[in-house]
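These are my notes from one sitting with the model. I began with the ligand site and then went on to the core and the backbone.

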Amino acid sequence: MQAFLEFVVKGLVQHPDEATVTPVERNGMTIYELRMNPADVGRVIGRQGVTINAIRSLLLAGSARHGLRCTLDIVEPRPRRSVRGFAMKIDVLTLFPAMFAGPLEVSIVQRARTAGRLHLQIHNLRDYARDRHKSVDDKPFGGGPGMVLKPEPLFEAVEAVAGDKTHVVLMTPVGRRFDQALARELAQREELLLICGSYEGVDERVRQALVDEEISIGDYVLTNGGLPAMVVIDAVTRLLPGVLGDDESSRDESFSQGLLEYPQYTRPAEFRGMKVPEVLLSGHHAEIEKWRAEQARLRTEQRRPDLLNEILPSNRHP
Ligand code: 4GS
């Protein structure tokens with residue numbers, strides 16, 4: 001369908017190399033967005049819309065045969081955003097670099113890395129231990145169970161890795177609770193250094209002298225700060241400019257207004273006797289929007305009433 005539209009549009013315009021067709025999924029409908037040189041818009045619309053209506057009819061006929069719902073939209077050329085060249089640098093200090101293979105090498109994070117938006121480097125804290133035994137931990141002064149991360153390797157590592165602009169973060173349960181607002185804050189930084197705690201904790205002088213901010217991903221005790229660091233990296237990366245496509249990020253906007261997601265369905269319309277709500281099949285966009293807004297509010301009231309008094313005043317009851 002896209003190729004067909006492209007063929008038709010390029011045949012009409014004077015600058016065919018500037019004409020593009022992008023399918024965008026919205027409310028179960030495919031909108032084919034046409035972009036072109038502004039001088040060509042008139043040609044594609046035609047006198048009194050004759051040309052564009054003819055294209056729409058062809059599209060409708062073609063898509064109906066396949067049971068799809070499509071439409072056509074002429075949109076402004078995408079603004080050249082000033083995101084080109086922006087990249088965030090994230091360094092991680094950990095005793096278990098092997099943990100980081102996998103989660104950060106797939107999906108959107110991997111895409112951000114290959115696109116040069118995210119420069120991620122994992123450093124083994126043990127490489128910065130100077131003594132013969134490469135020791136990174138020691139018994140706590142004053143006694144007690146477990147081991148504490150020694151200051152020397154951490155100081156050496158941070159001094160080697162961090163620059164002037166680097167925001168140094170310690171992952172620890174005593175830190176500020178991580179949430180979407182904090183992810184947005186961190187995404188504004190140019191360079192992050194995430195220190196993963198291990199064992200019973202880190203020498204207090206590390207906090208005093210090296211760390212700008214302490215972050216916790218939640219009130220539970222993990223074996224080390226590797227997973228928390230990955231959680232932060234994942235949430236921050238998808239907020240970096242140019243990482244999510246337009247479609248992904250506009251979807252995100254409606255969900256990060258502080259309400260929980262409304263229920264989503266895809267085909268088939270009936271599965272093992274369970275039906276998709278009629279309104280979603282109706283094609284009435286206004287009705288669908290209304291239903292989704294109601295559902296999002298209902299779910300939030302039932303499951304996370306705390307969210308309604310938070311974040312955005314627009315979430316509150318009128
Ligand atoms: C968390 C957390 C954590 C705590 C590290 C016990 C090893 C462990 N770090 N959010 N010592 N929750 N860290 O559980 O950030």
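A backbone N or O atom of Thr-172 is 3.5 Å from an oxygen atom of the ligand. A polar backbone atom of Ile-217 lies 3.0 Å from a nitrogen atom of the ligand. For Gly-218, I found a backbone N or O atom 3.1 Å from a nitrogen atom of the ligand. On its own the ligand has 370 Å² of accessible area, and the protein covers 91% of that. Accessible areas come from the Shrake-Rupley method with a 1.4 Å probe; for residues, only the protein chains shown count as cover.

**Source of the values.** The model is predicted: local features need pLDDT of at least 70, side-chain atom pairs count only at pLDDT 80 or more, and totals for chains, interfaces and linings use all residues. Residues are numbered from 1 along each chain as its sequence is written, and side-chain values use heavy atoms, with hydrogens and water left out.

**Shell.** Helices (H or I, at least four residues) and strands (E, at least two) are DSSP runs, numbered from the N terminus.

**His-167.** I then checked a histidine in strand E8, His-167. Is His-167 buried or exposed? His-167 is buried, with a relative accessible area of 8%; buried means under 20%, exposed over 50%, and partly exposed in between (1.4 Å probe, protein chains only). Leaving out residues up to four places away in sequence, His-167 touches Leu-186, Arg-189, Glu-191, Leu-192, Leu-193, Asp-212 and Glu-213. Contact here means heavy atoms within 4.5 Å.

**Core.** A nonpolar core is a set of buried Ala, Val, Leu, Ile, Met, Phe, Trp, Tyr and Cys residues joined through side-chain atoms within 4.5 Å. The largest one has 29 residues, and Ile-90, Phe-178 and Leu-194 have the most contacts inside it. Helix H8 (226-237) is one of the elements that each supply at least two residues of this core. H8 gives the most to this core, with six residues. A second, separate core of 18 residues includes Leu-93, Leu-154, Ala-157 and Leu-193.

**Backbone.** Phi of Lys-134 is near 55°, and Lys-134 sits in the loop between E5 and E6. Tyr-199 has a phi of about 55° and lies in the loop between E9 and H7. Tyr-199 is partly exposed, at 38% relative accessible area. I also found a cis peptide bond between Arg-267 and Pro-268, with omega about 5°. Pro-268 is in the loop between H9 and E11.

Conventions
A polar contact is a pair of N or O atoms within 3.5 Å; within protein, one must be able to donate a hydrogen and the other to accept it, and residues adjacent in sequence count only if both atoms are side-chain atoms.
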